[in-house]
Structure formats: structure tokens, C-alpha cells
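Here is a short note for a colleague who has not looked at this structure before.

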Amino acid sequence: MSAISAIESVPTSPPPVHAGRSWARAFQDIREGLAARELWGHLGWQDIKQRYRRSVIGPLWITLSMAVTSAGLGLLYSQLFGSPIGTFLPYVTVGFIVWAFILGCLTEGSDAFISNEGLIKHLPAPLTVYALRTVWRLTLMLVHNLLVYLAVLIIFFGYLSQPYKLQETANAIVQPGLSWTALLAVPAFVLIAANGAWVTLLFGIISTRYRDIPQVIAALTQLVFFMTPIMWSTDILNQRFGEGDHSWAILIAELNPVYHFIQILRAPLLGLQQSWHHWVVVGGVTLVGWALALVAMRNYRARISYWV
């Protein structure tokens, strides 16, 4: 038998699948990242300590900054919109607290892998660790900001503990006031944090490949902030453009997914009217977002160390 015929007679097998593109490896990365909670927990806490190193009051600067911003803008916009300060200032404060967490997931999340270049190249750890590090750091900052919420709650508890309106108009929605529904804030934050994880993974991977993405996100978040009911309420839209949920103006808020994320946490903390469609929208975004993040992890997880 000739050499050529011998080679041709050797059975061929299909080409091996690229080792980096595997659903199993993607899920394994996430499982190992969640299991390494001591690592990302320590790194996230060190980020806070390093940021306020040699500061006199340390991380309390987070609380002070949030308090000044919320008080200043809350007082200003309550006068511009003719809203009662006792209910509108807490509304603005909680809106700012939740927005700060969401903004951090978008801006710092897109930079998560880039800023951890040294660790990614020298520390054999799952990529999910760096995403959880970012979310944990932002969670610690939110806990500091909750001190502002507690102070506002103590001061204005008399206004929030009974039915109230955010706008002193006839067509304004009557809010039920604080009740046991405040416990819904716990699952609401867990859901928001879960979304923060996929946002960090997805945008972190994309930003590592295309370095213009963080700048694009930073520019768009400014527009999203003003388009989201944080310093204004949907009652203002009803007052200006017409009554009822069927007014075209209400779509300005309803088509903005950030509004639904803020509302599922702000409503229980302030005793606002609970609308379950906010939870449905957030749940849908969660499923779609994690599906996209898993696809990105499957296809590009192995390339991150070369892109950073």
C-alpha cells in the first residue's frame, strides 16, 4: 500500500471545538465567581478604603455628598413644581440613591475589566469575580447612602406615614403611605443587583474590545437621567398634558426601563402606590440581559485577557 493511500485510509474526525467557546465554561466561570465571595468581597471593600485613603471622615463622604445633592435639588425642584417639601424631598432623595447605583453599574461596569487589567493577566480567577467586585463596591456605597434615607425618613415620617400626594393638584395620584409593603424593598434591591451583574459582564466585555463604549455610555446616561422621573414625577406629566395613564406623555416614563428599576425600590421605601407592571418589565429585562451576558461570556470570555 502506498503512503498516499495509507494516509487517505486513516479515519478523519471533525475539527475540535474551540476550547474558549463553551457554555459549560461560561456557567463554570459564573459558579466559581459566586463561590469566590471572600475574594470579590475583600477587593470591593478595599476599593472603598483606597478611594478615601487619608480622608478625615473616609467613606462618610459618600453619605455627605448624597445628602447635599438631594437636599439642594429637592428644595429647588419642589419650589419649581409647587410640590410639598415634606413628600417631594424624600421622593428625590430615594430616586438619587437608586440612580447612583444604576449609574455606577453602567459606567464603572463598562470599565470593570479594563481597570482590572493587572489582576486579569496575573491572577487565575474567574472573570465574574471582577463583575461582582464592582457590584459589591456599589452596594457598599448604596448602604452608606441609605443613612441619608433614614435621616429623611425620621424628619418627614409624619408626611409619609399617611396617604399623601406628590403634587397638590386634583388629578394627582393619592399615595397610600408607608406600610408593611416596605419589605418589598429587599427583593427589589436583589433584582436590581442581579441586573447590575449582567450589565457589568456584558458592557465590560464589549468595552474591552471597543474602548469608545464607556464614553458613549457616559454621554447617554446624562440624557437618561433627565428623561427619568427622578427630580420630577409622572403626576407632573398628567397635570401638564392630560389625565390618566392613557395620556401620550406618560410614555416618556413608561418606555424608559430605568424608571421601572427605580420605581420597584422607591415605591416600597416611600409608601408609593405599587404597580406590578414595573416588576414585570424589570423581570423581562433581567431575563434578556442575562441571556445576552451568557452569550458574550461563551463567545468572548477567553479573549478578555488579550484585549485588556
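1. Helices, as named here, are DSSP runs of H or I with at least four residues, numbered from the N terminus. By that numbering, Trp61 belongs to helix 4. The model is a predicted one.

2. Ile57, Leu60, Trp61, Leu64, Val68, Leu147 and Leu150 together make a nonpolar surface patch of about 620 Å². Two elements, helix 4 (60-81) and helix 8 (128-155), each give two or more residues to this patch. Helix 4 supplies the largest share, with four residues.

3. Patch members need over 30% relative accessible area, and Trp61 is one of the residues in the nonpolar patch.

4. Turning to the largest pocket, its space comes to about 450 Å³. The pocket is lined by 20 residues, and those closest to its centre are Ile102, Leu106, Val199, Phe203 and Val258.

5. Which elements give two or more residues to the lining of the largest pocket? They are helix 5 (85-110), helix 10 (185-209), helix 11 (213-227) and helix 14 (257-270). Helix 10 contributes six residues, the largest share of the lining.

6. Sorted by class, the lining of the largest pocket holds 17 nonpolar residues and three polar ones, with no charged residues.

Conventions. Residues are numbered from 1 along each chain as its sequence is written. This is a predicted model: local features need pLDDT of at least 70, side-chain atom pairs count only at pLDDT 80 or more; totals for chains, interfaces and linings use all residues. Side-chain values use heavy atoms; hydrogens and water are left out. Patches are made of residues with over 30% relative accessible area and no salt bridge: like charges are joined within 9 Å, nonpolar side chains (Val, Leu, Ile, Met, Phe, Trp, Tyr) within 5 Å. Accessible areas come from the Shrake-Rupley method with a 1.4 Å probe; for residues, only the protein chains shown count as cover. A salt bridge is a side-chain nitrogen of Lys or Arg within 4 Å of a carboxyl oxygen of Asp or Glu. On a 1 Å grid over the protein atoms alone, a cavity is a set of points where a 1.4 Å probe fits but cannot get out, and a pocket is an open set with protein on both sides within 12 Å along at least five of seven lines; lining residues have an atom within 4 Å of a point. Grid points are joined across faces, edges and corners, and a volume is the space filled by probe spheres set on the points. Ala, Val, Leu, Ile, Met, Phe, Trp, Tyr, Cys and Pro count as nonpolar, Asp, Glu, Lys and Arg as charged, and the others, Gly among them, as polar.
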